[in-house]
Amino acid sequence: MRAVQVREPGGATVLQYQEVVTPEPGCGEVLIRLRAAGVNHRDIWVRQGAFGGFATPRILGSDGAGEIEALGDGVDGFQVGQRVVLNPGMACGACRFCLGGEQPSCAKFRIFDGTYAEYAVVPQTNVVPMPSGLTFAEAASVGVPFITAEDFLQKAGAAPGMTLLLWAANGGLGLATLQLAKRRGMRVIAVVRSTFKQTDRLRQFGADEIIRWDAGDDVLSEVMSLTQQQGADMTVDSLGQATFEQSLEATRRGGVVVSVGSTTGGLVSFELGRLFRRRQSILGAYLGSSAILPRILPLFARGELVPVIDHTFPLEQADQAHEHLETSSVFGKIILEL
Ligand SMILES: [Zn+2]
């Protein structure tokens with residue numbers, strides 16, 4: 001099969017589109033013929049070596065949708081040809097966290113890599129039927145961003161009337177967070193780069209206030225004036241180094257800062273008293289419960305949630321897809337089609 005893999009960490013040029021051995025499904029596993037793969041920032045971090053180097057070549061990609069090509073022994077409830085979506089959280093399935101639906105806290109938890117390929121093998125527990133009314137590209141756009149956002153909003157106690165400060169609101173995770181927060185009745189202050197032009201579309205998705213920002217700009221004073229000098233109830237920060245201190249300052253006493261990425265770098269320093277004296281919480285977010293994807297996919301089929309795709313690329317242009325995500329002000333997801 002054709003696949004995009006990496007052998008060494010680096011820039012987009014280390015992505016290699018080449019022929020590799022097609023995997024075969026073992027006991028309890030399903031072989032999926034992928035038709036679309038979602039590109040996530042995590043793929044870029046894996047490519048850069050943030051999770052370590054590669055002992056063997058690794059195929060990237062955690063989100064994907066396609067058709068079942070073959071079933072391993074013991075698989076039931078699925079049929080060859082059925083349209084399915086991959087649920088990217090892999091865990092032991094037997095510990096107290098897995099049994100309690102808290103798979104990301106399982107000691108064996110990992111996020112699947114391998115959807116930048118014509119075929120992928122996954123356990124049947126990671127296969128979710130794809131609702132009709134969605135394209136493969138749309139179905140592949142949901143997984144990581146919506147699972148992550150739904151999980152952290154729930155854990156952080158999102159509730160009607162609360163104010164959410166949302167950095168990078170125009171990205172895949174940002175739009176997922178915006179849509180899910182509005183369903184929960186939150187007021188959303190969306191922050192976007194000054195180069196981002198589509199603020200009207202952001203308002204269509206429910207952004208109540210929009211702050212345009214560039215590195216070094218003071219977002220804090222604008223947030224304080226929009227919140228009667230109290231700060232946001234919750235702040236979602238996927239940017240990290242460039243913004244995290246402002247996130248703490250712009251969040252009210254007793255509020256929550258969700259750390260869900262570090263696209264501008266991962267080293268931050270702040271005076272701890274600013275955290276404990278103001279009784280704030282920091283919540284680390286990394287995917288979420290395996291129960292979320294089967295629950296929310298039907299909401300897309302019914303039009304209650306909207307998949308937003310910025311751009312699609314053919315699989316062989318995965319390097320261009322990564323460059324686009326790294327250098328552009330996207331609106332929604334980047335998808336690879338195959
Ligand atoms: Zn487990």
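**Exercise 1. Is helix 5 mostly covered or mostly exposed, and how many of its twelve residues are buried?**

Before the solution, two notes on the model. It is predicted: local features need pLDDT of at least 70, side-chain atom pairs count only at pLDDT 80 or more, and totals for chains, interfaces and linings use all residues. Residues are numbered from 1 along each chain as its sequence is written.

*Solution.* 
- Step 1: Helices (H or I, at least four residues) and strands (E, at least two) are DSSP runs, numbered from the N terminus. A residue is buried if 20 or more other C-beta atoms, placed from the backbone, lie within 10 Å of its own, exposed if 12 or fewer, and partly exposed in between.
- Step 2: count. Ten of the twelve residues of helix 5 are buried, and the helix is mostly covered. Among the buried ones are Gly-172, Leu-173, Leu-175 and Leu-178.
- Step 3: look for the cover. It includes helix 4 (143-155), strand 11, strand 12 (187-193), strand 14 and strand 18 (333-337).
- Step 4: step past the end. Just after helix 5, Gly-185 has a positive phi of about 80 degrees.

**Exercise 2. Find where Ala-168 and Gln-228 lie, and decide whether each is buried or exposed.**

*Solution.* 
- Step 1: recall the background. Most residues other than glycine have a negative phi.
- Step 2: read the angles. Phi is near 50 degrees, a positive value, in Ala-168, and Gln-228 likewise has a positive phi near 50 degrees.
- Step 3: place the residues. Ala-168 sits in the loop between strand 11 (163-166) and helix 5 (172-183), while Gln-228 belongs to the loop between helix 7 (220-226) and strand 14 (232-237).
- Step 4: count neighbours. Ala-168 is buried because it has 28 C-beta neighbours inside 10 Å; Gln-228 has 8, so it is exposed.

**Exercise 3. In what order do the three strands of the open sheet stand?**

*Solution.* 
- Step 1: define pairing. Two strands pair if DSSP finds at least two bridges between them.
- Step 2: write the order. The strands stand as 2-1-4, with antiparallel pairing. Strand 2 (16-19) and strand 4 (58-59) are at the edges with a single partner strand each, so one side of each has no neighbour in the sheet.
- Step 3: inspect one pair. Strand 1 (residues 2-6) is joined to strand 2 by four bridges, and Ala-3 faces Gln-18 across that pair.

**Exercise 4. Describe how the two domains meet, then the chain as a whole.**

*Solution.* 
- Step 1: take the bounds, which come from an automatic or database domain assignment. Domain 1 covers 2-141 + 307-337, and domain 2 covers 146-284.
- Step 2: list the contacts (C-beta atoms, placed from the backbone, within 7 Å). Eight residues of domain 1 touch eleven of domain 2.
- Step 3: turn to the whole chain. It holds eleven helices and 18 strands, and 46% of its 338 residues are buried. The C-alpha trace spans about 60 × 40 × 35 Å along its principal axes.
- Step 4: consider contact range. Of the contacts with a separation of 6 or more, 68% join residues 24 or more positions apart.

Note on methods:
Contact = placed C-beta atoms within 7 Å.
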